[in-house]
Amino acid sequence: MESGRTMAVRTMFAVAACALLAGCGGGEDRPASLSSIAPDWRQVATSADRERLRTWRQAWVSAVAKAQASGNGKAIAAGGALFEPDLALSEPMPPAGDYRCRVFKIGAHGSAMRDFTVYPYFTCRIASTAGGVTRFYKTEGSQRVSGRAYPDGTRRAVFLGTMMLGDERNAIAYGRDPNRDLAGIIQRVGDRRWRMMLPYPRFESLLDVVEIVPAG
């Protein structure tokens, strides 16, 4: 039988190894550090974000109505499946890898914004983690979405994350700053096409839709 001293030494080395592994990482922007990794997003989401996710359809209808009323009906129609609110195919999460993403801001929230704005493609990345949780993050730009997507049935995943700004290298913890928190729904809308809808973002629009397509 091992002595108490031997067991204590082994425990010390085990703790040190765990700390070393937890501290390893590259220099790239890291996804949002949530307080816990849980298979059920409801255990992580703030009450404000649960409300945003419950009212996603209201956000969608209001945003699209404003865009159409300001003469953007053809742009909405040109998006095809991307802007069909009830379209959701099985296998909602993109496989791990690099992707091209672009943001559509719909329904102005504030006088300085237009009711339909399309931004250029940027590089984003999907990475698998333990426990069935998937990381999603934008790798470039002055505003970088960063967080985790949680399985939620067979036709959608729920995204919870934060917004990284400027030259920040690490995302702030989800739930620490309501103005940085992001909540959305990820769905597959085509053979190799996905979207993330973000209802009621804090600034600029009533709805953000992020198109996600393979980089290659």
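I began with Asp152, which is buried (under 20% relative accessible area, with exposed over 50% and partly exposed in between, 1.4 Å probe, protein chains only), at a relative accessible area of 15%. The model is a predicted one, where local features need pLDDT of at least 70 and side-chain atom pairs pLDDT 80 or more, while totals for chains, interfaces and linings use all residues. Residues are numbered from 1 along each chain as its sequence is written, and side-chain values use heavy atoms, without hydrogens and water.

Salt bridges. I took a side-chain nitrogen of Lys or Arg within 4 Å of a carboxyl oxygen of Asp or Glu, and the count came to twelve. Asp152 pairs with Arg156, with the closest N and O atoms 2.7 Å apart. Arg156 is partly exposed at 22%. Through shared partners, Asp40, Arg42, Asp152 and Arg156 form one network.

I then looked up Arg102 and Glu211, whose salt bridge is 2.6 Å from N to O. Arg102 lies in strand E1 and Glu211 in strand E9, so this pair ties together parts 109 residues apart in sequence. I took strands (E, at least two residues) and helices (H or I, at least four) as DSSP runs numbered from the N terminus. Glu211 is buried at 4%, whereas Arg102 is partly exposed at 23%.

Core. I defined a nonpolar core as buried Ala, Val, Leu, Ile, Met, Phe, Trp, Tyr and Cys residues joined through side-chain atoms within 4.5 Å. The largest has 26 residues, of which Trp60, Phe83, Ile106, Leu160 and Val209 touch the most other members. Helix H3 gives five residues, the largest share. I noted a second, separate core of 19 residues, including Trp194 and Ile212.
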